[in-house]
Amino acid sequence: MIPQLSEMLGQMYSTIPQASALELTRQLVHIFANDPTHFVPVKALFLLVTSVTLSIFQQGPRDHPDIVDSFMQLLAQALKRKPDLFLAENCDVKALFQCGVISLKFPEAPTVKATCAFFTELLPRCREIQPIGLVVHENGKLLLQATLEAIGGQAPRSLMDHFAEILFALNKHCVTYLSIWLKEVMQQQNFPSSRLTQIQKETFSQQILRDRVNKRRVKDIVKEFTLLCRGLHGTEYAAEY
């Protein structure tokens, strides 16, 4: 039954991509990730829907936030339950990473939350899954830049905890690279906000790099920094939020 269901789902998604097909694929990955009897067709389905969704990104994903949301949830589930999927020869990890960076900039909050969850599952696999490690080391600066742009004012303040999770994961699993990337991106003028002084940017970088254990503290640091970026620090509005 699982082979037939996987094949039917793949055909449906290839013909008319829908978020519901990705959601069902996610459930199949969750249930059969470690079942050698059924996982072969589920793996084939995962790789097929991944390939089709990458094509959607090439054409322009902005008209399909529901598909992007469900796709990011599927990737996060695969990383959690069966990270070996990302070792498959026809799994383009670099393209998936780049799709994630694009998705972080979507205006829809659920899509951004799902994308942050994808990255917080991906980053701990840097050492374990070589293709992931290579892609993160080569493209991690883009992820950091997108995260800081969001914190700098591009994303709603209600999402700051989710972006803080990405910074925490970067610091925990790629600290050597993060210290270099932070130095480079923070040297950009008016980045991530024109309201910041260089001293404020350096202080934030030092605080982030210092906290590799206390996630709650990192979230507080990000919340303070985003207020500075938005010119809201110390205001009544910020206090009431």
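Welcome to a protein with twelve helices and zero strands. The model you are looking at is predicted. From the N terminus on, its elements read α-α-α-α-α-α-α-α-α-α-α-α. The radius of gyration is 19 Å, close to the 18 Å that the globule rule gives for 241 residues, so the protein is as compact as a globular protein of that length.

**Overall fold**

- Of the 241 residues in the protein, 49% are buried.
- Among contacts with a separation of 6 or more, 71% are between residues 24 or more positions apart.

**Helices H3 and H5**

- Helix H3 covers residues 39–59 and helix H5 covers residues 93–103; their axes come within 11 Å and cross at roughly 50°.
- H3 and H5 are therefore oblique to each other, an angle between 35 and 65 degrees being neither roughly parallel nor roughly perpendicular.
- The crossing in which H3 passes H5 is left-handed.
- On the H3 side, Thr-50, Leu-54 and Phe-57 take part, and they meet Ala-95, Leu-96, Cys-99, Ile-102 and Ser-103 of H5.
- By residue class, this contact of H3 with H5 has six nonpolar and two polar residues, and no charged ones.

**Helices H10 and H11**

- H10 brings Gln-200, Phe-204, Gln-207 and Ile-208 to the contact, while H11 brings Arg-217, Val-218, Ile-221, Val-222, Phe-225 and Leu-228.
- The residues of this contact of H10 with H11 comprise seven nonpolar, two polar and one charged.

**Thr-147 in helix H7**

- Thr-147 has its place in helix H7, which covers residues 130–154.
- With a relative accessibility of 0%, Thr-147 counts as buried, because the cut-off for buried is under 20%.
- Setting aside its neighbours within four places in sequence, Thr-147 is in contact with Leu-104, Phe-163, Ile-166 and Leu-167.

How values were computed. Residues are numbered from 1 along each chain as its sequence is written. This is a predicted model: local features need pLDDT of at least 70, side-chain atom pairs count only at pLDDT 80 or more; totals for chains, interfaces and linings use all residues. Side-chain values use heavy atoms; hydrogens and water are left out. Axes are lines fitted to C-alpha atoms, for helices over the stretch in contact, and angles run from 0 to 180 degrees between N-to-C directions. Helices (H or I, at least four residues) and strands (E, at least two) are DSSP runs, numbered from the N terminus. Angles under 35 degrees count as roughly parallel, over 145 as roughly antiparallel, 65 to 115 as roughly perpendicular and the rest as oblique. A crossing is left-handed if the near helix is turned anticlockwise from the far one by less than a right angle, and right-handed if clockwise. Contact means heavy atoms within 4.5 Å. Ala, Val, Leu, Ile, Met, Phe, Trp, Tyr, Cys and Pro count as nonpolar, Asp, Glu, Lys and Arg as charged, and the others, Gly among them, as polar. The radius of gyration is taken over C-alpha atoms; the globule rule is 2.2 Å times the number of residues to the power 0.38. Buried means under 20% relative accessible area, exposed over 50%, partly exposed in between (1.4 Å probe, protein chains only).
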